[in-house]
Amino acid sequence: MAKKYLAVSLGMIGLLGYASAHASCGSTACSINTNWDEHGASHPGWTADLRYSYSRAGTLRSGSNKIAADTTFNGEVENLRTLNRIVTAGLDYSYDDHWGVALHLPYITRGHDHNLGPYAGATPAGYESFHASAMGDIKVVGRYRWTLDEAGHSGMGMKFGLKLNTGKKDFVIDQTGTVPSEVTLQPGNGSTDLILGAFWFQSTPGSDWNWFAQGMAQNSIRSSATFRPGNQINLDGGTRYAFSRNLSGLLQLNAQWNSTDSGSAAALSPATGGPSSGGRTLSLTPGLSYAITAATQLYGLLQLPLYQYVNGEQLTANSSISIGISQRF
């Protein structure tokens, strides 16, 4: 019986926090492609995916260095944390060997805590917290694939789609009842984005290995008058090794570049007054997948940053995890 080839494309997308006069709060979300048919042999029909992702942004950085928060600043002191819990429902339809479309519906639960300065010795001037739970921004992405080598099961394709402005944007700070200035603490960031990308895959019959590479770009084409998110580029490459008929190991290298945000609501560094958004990361992502049946896959992935560089001062996560199940119909 032929092995079921699988490749999972994982790219960490940092939805970096913003404030008019404060360091970034570091809200993050994982964007994971768990459509098994996208990088491998085509299976026309429907695929459903349900995924849970978790990250904790609690390390303050400037550039590539860990730093201590400035407790003399009169306002937010980013020395605590942002917790992100995201449940994403995905629905994919492959029309034939070439055409397909995927819909991604995220439900975001986010909590952020920070102290207020200036400190009196070791005592902060105050404390604030923020909690939000709601649907986030929906993504719709189409694709077209073509075969490069039919005998070697290799091919490539293009992706094109939109991130829609559907997420809720009016959750308030618990203590004050006011909407925070950090735009992306909210489930939605208020922009509509164009998504373009390309991918390559190879899954040679009889081999325990397969490979993929993917590049994706995301650019805001409609945003508010006060805030426009920076452009984003993700490059991912990886391999899968079949330990057995059911169990497979996954290993990926993920690179991401985010340009700075713009507008009067974009984050500024309290130390320099310069941009406090955007940056670049390089991450290693190992994982496992297990085939319960030929059509049902369980999977788990752990993303570990190898290098992180941020503009200004931003909270960053030391790791993120994703677990889920995928069902082909």
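In which strand is L50 found? L50 is found in strand 3, residues 45-63, of this predicted model.

**View 1. A nonpolar patch on the surface includes L50.** Strand 14 (279-293) and strand 15 (296-328) are the elements that give two or more residues to it. L50 counts as partly exposed because its relative accessibility is 46%, between the limits of 20% and 50%.

**View 2. The largest nonpolar core contains A132.** The core has 5 residues in all: F130, A132, A134, F171 and L185. Beyond its neighbours within four places in sequence, A132 is in contact with I108, T109, R110, F171 and P187.

**View 3. A salt bridge links D113 and R81.** The closest N and O atoms of the two residues are 3.4 Å apart. D113 lies in strand 6 and R81 in strand 5 (residues 76-94), so the pair ties together parts that are 32 residues apart in sequence. D113 counts as buried at 10% relative accessibility, whereas R81, at 34%, counts as partly exposed.

**View 4. K163 and D137 meet through their side chains in a salt bridge.** The N to O distance is 2.7 Å. Because K163 belongs to strand 9 (residues 154-163) and D137 to the loop between strand 7 and strand 8 (139-149), the pair ties together parts that are 26 residues apart in sequence. Both K163 and D137 are buried.

**View 5. A cis peptide bond joins G117 and P118.** P118 lies in the loop between strand 6 (99-116) and strand 7 (126-135).

Notes:
Residues are numbered from 1 along each chain as its sequence is written. This is a predicted model: local features need pLDDT of at least 70, side-chain atom pairs count only at pLDDT 80 or more; totals for chains, interfaces and linings use all residues. Side-chain values use heavy atoms; hydrogens and water are left out. A nonpolar core is a set of buried Ala, Val, Leu, Ile, Met, Phe, Trp, Tyr and Cys residues joined through side-chain atoms within 4.5 Å. Buried means under 20% relative accessible area, exposed over 50%, partly exposed in between (1.4 Å probe, protein chains only). Contact means heavy atoms within 4.5 Å. Patches are made of residues with over 30% relative accessible area and no salt bridge: like charges are joined within 9 Å, nonpolar side chains (Val, Leu, Ile, Met, Phe, Trp, Tyr) within 5 Å. Accessible areas come from the Shrake-Rupley method with a 1.4 Å probe; for residues, only the protein chains shown count as cover. A salt bridge is a side-chain nitrogen of Lys or Arg within 4 Å of a carboxyl oxygen of Asp or Glu. Helices (H or I, at least four residues) and strands (E, at least two) are DSSP runs, numbered from the N terminus.
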